[in-house]
Amino acid sequence: MIKRNKILLKNIDWGIVTIYIFMIFFGCMNLYSVSPEKAEKQLIWILLSFVFIFFVFLFKPIHYKYFTPFFFLFTLFLLVGVFFFGKNVNGSKSWYFFGPISFQPSELAKISTSLMLAHLVSQDNIKNKKVFFYTCIILILPAFLIFLQPDPGSSIVFSSFLLTLYREGLSISFILYFLFSILLFLISLNILPWIVVSFLFIIFIFIFIVKKNISFINFFFYIFLFVSFSAISIFSPFFSQKFLKQHHRDRINILFKNEFDRKYRDNVGYNLLYSKTAIGSGKFFGKGYQKGTVTKGKFVPEQHTDYIFCTVGEEWGFIGSVILIIFYLFFISRIYFLSERQKDVFGRIFGYSVGNIILTHFVINLGMVMGLFPTIGIVLPFFSYGGSSLWSFTILLFIFVRMDVSDQNRFI
C-alpha cells in the first residue's frame, strides 16, 4: 500500500496541482479585500475541497467509467427536482437548500455530462450518426433544463463541449453555426428582425451571384442556412420575452448601449461602469493590496463572485492582471497537453472537456467584467466566491488528474 501511494504521488502532475493551489489561495486573498467574512468562508470551503480530492483519488478510472450512466441520470433527476423543491435565488430557481447548506445541481451537471460524453464518444467515432444523435441528447438535455430555471449563463457553458467534439472529429461548421446563431440572437434583440433578415438576404444573394456553379446539394444547404438564421432573428424577441427574466434582457441590451449614459449608469449599466472604473484605476502597477478605493467602497455589486477580476485589476494593476491571465492560459494549456497524451480515449475526451469548461468560464468572465459579454452569472474558476463552484471545478480537475496518473501507470 505504501509503495502504491509513493508511485501515485510520483505520477501526479505537480505543475497543475501547484497552479491550482496558487489560484485558490490568491483568489481567497482578493476575496479578503472585498469581504473578510466571505474570505473566511471561502477558506473553509478550500480546506473541504482537499477532502474531496482525497475521495476522488480513492477511485480508479474504471469506477468512473462504470458509474457514469447512473451518475448522469441522477444529475438529470436533480435538475428536474429543482423546479419542485428548489428555492428561487436572484430570479432563478437553481438551488437546493438543506438548512445552512446550499447546492446548485448545474455545477454537478458539468461533471456528469463530461463523464457521459467521454463514456459515449470513446466507444465509437463521433461521425457515426447514431453516436452523434445520442451525443446531442446528452448535451441538450441538461443545458435545456438549466436554461428553464432560468440560468442562461450556466447553460451556455455546455457549448464548450463542442470544442471537445471538434477534437474528436466534429466539423468546424457546427461550431461556427452555433457561434453565429448566438451573435444573431443578440443582434436581433436590439435591431429590428426585418432589417437583420434583409441583410442576410443580401448576403446570400451575393453568394449565389459570386458562386455561379452551385451544386444541387449546396443550393439547399444555403437555403437551409438562410431559413434557419432568419427564423432565429424573427423569433429572438419572442423567445427573449417568454423565457428570459427582465434582468437577463437588460444585461444583454447594455452591450449595445453606453453604460456611462445617465439613463443606464444608475441601473443596468451600474455593475459594468464601476467594474471598468476599478480595472482602469489600477493602471500599470495597481493601487496595492487592500488599497482599492472602488473595492473598499463596495461600489461593484457581486464583486466577490462574477466581478472578482476587477479587484485584481484595481489592486494589482495591468501587471498583476496579465500575470494571472498567463497562469490561467498555462493551466488550461497543460490540461490540453495531458489530455493529448492519454492512451485511454475516455481520459482524453474527459480531459478536453475539463479544459474547455474552464476556458469557457475564463473567457466569458473576463468578457463580462470588460463589457464584451453580458453579465450572466459565470464565475472565474477557482477564484470567485462560492462552495458549489469551487468544489465542482476541483472535482472535475482532480478526476482528470487521477485518470492521468493511472494512464501513466496502469497498476494504480
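Where is the place of Phe382? Phe382 lies in the loop between α17 (345–369) and α18 (387–408), as point 4 takes up.

1. Basis. This is a predicted model, in which local features need pLDDT of at least 70, side-chain atom pairs count only at pLDDT 80 or more, and totals for chains, interfaces and linings use all residues. Residues are numbered from 1 along each chain as its sequence is written, and side-chain values use heavy atoms, with hydrogens and water left out.

2. Overall form. The protein has 18 helices and three strands (DSSP runs numbered from the N terminus: helices are H or I of at least four residues, strands E of at least two). Its C-alpha trace spans about 70 × 55 × 45 Å along the principal axes. Buried residues, those under 20% relative accessible area with a 1.4 Å probe and protein chains only, make up 49% of the 412 residues.

3. Helix α3. The 23 residues of α3 (residues 36–58) should span 33 Å at 1.5 Å a residue, and the end C-alpha atoms are 34 Å apart, which agrees; the expected span is 1.5 Å times one less than the number of residues. Among the buried residues of α3 are Ala39, Gln42, Ile46 and Ser49.

4. Backbone exceptions. Most residues other than glycine have a negative phi, and most peptide bonds are trans. Phe382, not a glycine, has a positive phi of about 65°; at 3% relative accessibility, Phe382 counts as buried. Lys283 has phi near 50° and, at 66% relative accessibility, counts as exposed (over 50%). The peptide bond from Gln149 to Pro150 is cis, with omega near -10°.
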